[in-house]
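I opened the notebook to record what I looked up in one model. The entries follow the order in which I looked.

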Amino acid sequence: ASSLTGDCDDFAVLIATCMLAIGGDVCIVTAQGPQGGHAYAEVDISHMNISHVQDYIQKRFLSHRILQITIRNDGTKKWLNLDWSGDFPGGPTFKASERDYYLCINGKWSFKK
């Protein structure tokens, strides 16, 4: 009703901001692929039990049979995909030929290719 609209990068920033507001570490990913450019957020779940995270997501998205969630492991962190193009948190990752990572860990932003 108020004409609030946005695209993938707006959603990624919104979700990342919400995660930061509750104390999470986040990553905004910008990607280029065969379908063009895309952006999405990830949240660090390194401190969580992955099977508990998957069970929680399954309970919230009962219409999907979630066999596995998508987690990106970068060696020190485990990132849960929060892409709006997925049907649920941890859904399949956008198919991309290159990605850039904008990380906010402990309130400090950094960039990684």
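Predicted model: local features only at pLDDT ≥ 70, side-chain atom pairs only at ≥ 80, totals over all residues.

**Largest pocket**

I began with the lining of the largest pocket and found that H2 gives the largest share of it, 5 residues. Residues are numbered from 1 along each chain as its sequence is written, and side-chain values use heavy atoms, with hydrogens and water left out.

I then looked up the volume, and the largest pocket holds about 370 Å³ of space. I wrote down the term: on a 1 Å grid over the protein atoms alone, a pocket is an open set of points where a 1.4 Å probe fits, with protein on both sides within 12 Å along at least five of seven lines, and lining residues have an atom within 4 Å of a point. The volume is the space filled by probe spheres set on the points, which are joined across faces, edges and corners.

Which elements supply at least two residues each of the lining of the largest pocket? I found helix H1 (8-21), strand E2 (36-44) and helix H2 (50-60). The lining of the largest pocket has 20 residues, and the closest to the pocket centre are Met19, Val43, Ile45, Leu80 and Leu82. Sorted by class, the lining has 14 nonpolar, 3 polar and 3 charged residues. For these classes, Ala, Val, Leu, Ile, Met, Phe, Trp, Tyr, Cys and Pro count as nonpolar, Asp, Glu, Lys and Arg as charged, and the others, Gly among them, as polar.

**Salt bridges**

Next I looked for charged pairs. Side chains of opposite charge can pair when their charged atoms come close. I counted a salt bridge where a side-chain nitrogen of Lys or Arg is within 4 Å of a carboxyl oxygen of Asp or Glu. How many salt bridges does the structure hold? The structure holds 5.

One of them joins Asp25 and Lys77, whose closest N and O atoms are 3.2 Å apart. This pair links distant parts of the chain, 52 residues apart: Asp25 is in the loop between H1 and strand E1 (26-33), and Lys77 is in the loop between E3 and E4. Are the two residues buried or exposed? Asp25 counts as buried because its relative accessibility is 12%, and Lys77 counts as buried at 17%. The cut-offs I used are under 20% relative accessible area for buried, over 50% for exposed, and partly exposed in between (1.4 Å probe, protein chains only).

Lys77 also forms a salt bridge with Asp44, where the closest N and O atoms are 3.2 Å apart. Here Lys77 in its loop is linked to Asp44 in strand E2, 33 residues away. Both Lys77 and Asp44 are buried.

Glu42 and Arg72 form another salt bridge, and their closest N and O atoms are 2.6 Å apart. Glu42 lies in strand E2 and Arg72 in strand E3, so the pair ties together parts 30 residues apart in sequence. Both Glu42 and Arg72 are buried.

**Surface entries**

Tyr102, Trp109 and Phe111 make a nonpolar surface patch of about 340 Å². A patch takes residues with over 30% relative accessible area and no salt bridge; nonpolar side chains (Val, Leu, Ile, Met, Phe, Trp, Tyr) are joined within 5 Å, and like charges within 9 Å. Areas come from the Shrake-Rupley method with a 1.4 Å probe, and for residues only the protein chains shown count as cover. Phe111 sits in strand E6 (residues 108-112), and Phe111 counts as partly exposed because its relative accessibility is 47%.

Asn106 is in the loop between strand E5 (98-105) and E6. Its phi is near 55 degrees, a positive value in a residue other than glycine. Asn106 counts as exposed, at 67% relative accessibility.

**Distances**

Last, I looked up Asp74, which lies in the loop between strand E3 (71-73) and strand E4 (78-81). Asp74 is partly exposed, with a relative accessible area of 22%. Asp74 and Val53 are 21 residues apart in sequence and 18 Å apart in space, C-alpha to C-alpha.

How values were computed:
Helix = DSSP H or I, 4+ residues; strand = E, 2+ residues; numbered from the N terminus.
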